[in-house]
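Dear colleague,

I am passing on to you the structure below. A short account of the findings follows it.

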Amino acid sequence: MVESARRRWLLLAVVSAGLLLITLDNSILYAALPTLVEELGASSAQSLWIINAYPVVMAGLLLGSGTLGDRVGHRRMFLTGLVVFGAASLAAALSPTPEALIAARAFLAVGAAAMMPATLALIRVAFADGRERNVAIAVWGSLAVVGSALGPIVSGLLLQTFWWGSVFLVNVPVVVVALVATLVLSPGGGADPGKHWDLVSSLLALMALVGLVFAIKETAKATPSPVAAGAALVAAAGGWAFARRQRRLPDPLLDFAIFRNPAFLAGVLAAGLSMFAVAGLQLVTTQRFQLVEGFTPLRAGVLVAAVALGALPTAVAGGATLHRIGLLPIVAGGLALSTVGTVLVLLHFDTSMPLLVTGLLIAGAGLGAAMSVASSAIMGNVPVRRAGMASSVEEVSYEFGSLIAVALLGSLLSAVYSATVRLPPGTPEEARDSLDAALALTGEGAEGNALVTAASEAFDGAYGAVVLVVAGVLAVGTVATGVLLRRHGPGSALSGPTSH
């Protein structure tokens, strides 16, 4: 019995390491991107896809990989994903051109999409006891925040000593250790060859997501192009065709009936909105403090790590006390707390570093609690035969939250800056494109100082607008999950009626 328990917790450590790698690669380029752009000569459009190729492809494939895991076995999917992830990391580290790096990032996403649903499904299989499973899932869920927050720190540390490819090469030894440990610790079996898997549905989901990202980016430009309307049509067509196809399949990648369970839906919302907040705060805060305050990538990464520091204790505590407290106080209460922390960031980002850090810690504490328990709400409210599908839905909600944060909030940051910056007379219009461009054009003397001041003030205004949007989204999420979980207060059951 003791040996069995040890194997379960060691397996949790292994799959958690896999999840940590996946989430780390979502954010590891935020601090490294300026170096990548300089070394590879990437254009602004290429730099966008160097970041977004990974979450777009992953989110598009996740639903299919979860169902495929039900068919071939989640252990096999995890091992296959590790191999692909390791090979893609090598390819990314050695990429000679921006196009090669974008392709490697997309290949990396294929491995991540295979691994991600398998991590959660393996936990469900290994932990039969409900309370143990809640703690295990809480640990797993907290790593989504930790991995995202650690990305800029890891890249900052590596770039101080090594070349830019090291941010990908660091994955390889972890992959090797995880492969060996999974072969030893993970239970076999679990495959259901009778399950059908539909590649077309995955491609339709990918089509919808790529179109959506293009539409958001193009719409946010100062002069929107016809590409925005075309991309929106592609996204709508892909989404419509995907939904229509699911209704006709005997084994759909996504059974929309599972969303009828209020607790399941609340868990999906909490996971997606939490990652939206984490990615949004992290993206704009690292940029603001590097460009306006002159922080190094490492120092900016350490600053946003306050989110992870706040998240860890509440994530573990939430999973350990869920059976007594219930979903409502932890999910809705966590989102409410994160709203308070985000407002504190908004009020003090340019006036008080201690209050800014306090705001990030409070936001992280709320998000850690909500995310860890969101996983239990999702996995505890579907039939066992839908475990792969449910884990895929959760992963999609995480990735979709991060993806929309980068696409929407990054575009909003640029749009507000361009619309509000007041350039000194004689300044080239290129300075209106971004703060980076303005700083590159800065000359000596009073004129240069005037440009830096004007550009920095506009960027701070844009930063404030983005953080306000994040706070508003979290407030809406608090109300929505509170309504959905109104019957899941202290003493209530974790699970409600599930769809069969």
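What span should the 15 residues of helix α8 (residues 171-185) have at 1.5 Å a residue, and how far apart are its end C-alpha atoms? The expected span, taken as 1.5 Å times one less than the number of residues, is 21 Å, and the end C-alpha atoms of α8 are 21 Å apart, which agrees. Helices here are DSSP runs of H or I with at least four residues, numbered from the N terminus.

Please note that this is a predicted model, in which local features need pLDDT of at least 70 and side-chain atom pairs count only at pLDDT 80 or more, while totals for chains, interfaces and linings use all residues. Residues are numbered from 1 along each chain as its sequence is written, and side-chain values use heavy atoms, with hydrogens and water left out.

Helix α8 has the buried residues N171, V175, A178, A181, T182 and L185. Seen down the axis of α8, these fall within an arc of 140°, so they line one face of the helix; the arc is that of the directions from the helix axis to the C-beta atoms. The face turned away from the buried side of α8 carries the exposed residues V177, V180, L183 and V184. Buried means under 20% relative accessible area, exposed over 50%, and partly exposed in between (1.4 Å probe, protein chains only).

Two loops also deserve mention. S95 lies in the loop between α4 (74-93) and α5 (98-126), and counts as buried because its relative accessibility is 6%. The side chain of S95 reaches the backbone oxygen of A91 at 2.8 Å and that of A92 at 3.2 Å. F162 is in the loop between α6 (130-161) and α7 (166-169); at 49% relative accessibility, F162 is partly exposed. Together with L90, L94, W163 and L169, F162 makes a nonpolar surface patch of about 500 Å². Such patches join nonpolar side chains (Val, Leu, Ile, Met, Phe, Trp, Tyr) within 5 Å, from residues with over 30% relative accessible area and no salt bridge.

Finally, the count of salt bridges (a side-chain nitrogen of Lys or Arg within 4 Å of a carboxyl oxygen of Asp or Glu) comes to two. E293 pairs with R288, with the closest N and O atoms 2.9 Å apart. D460 and R288 also meet in a salt bridge, at 2.8 Å from N to O. This second pair links distant parts of the chain, with D460 in helix α17 (residues 445-484) and R288 in helix α11 (residues 262-291), 172 residues apart. Shared partners join R288, E293 and D460 into one network.

With kind regards

Terms used:
Patches are made of residues with over 30% relative accessible area and no salt bridge: like charges are joined within 9 Å, nonpolar side chains (Val, Leu, Ile, Met, Phe, Trp, Tyr) within 5 Å. Accessible areas come from the Shrake-Rupley method with a 1.4 Å probe; for residues, only the protein chains shown count as cover. A polar contact is a pair of N or O atoms within 3.5 Å; within protein, one must be able to donate a hydrogen and the other to accept it, and residues adjacent in sequence count only if both atoms are side-chain atoms.
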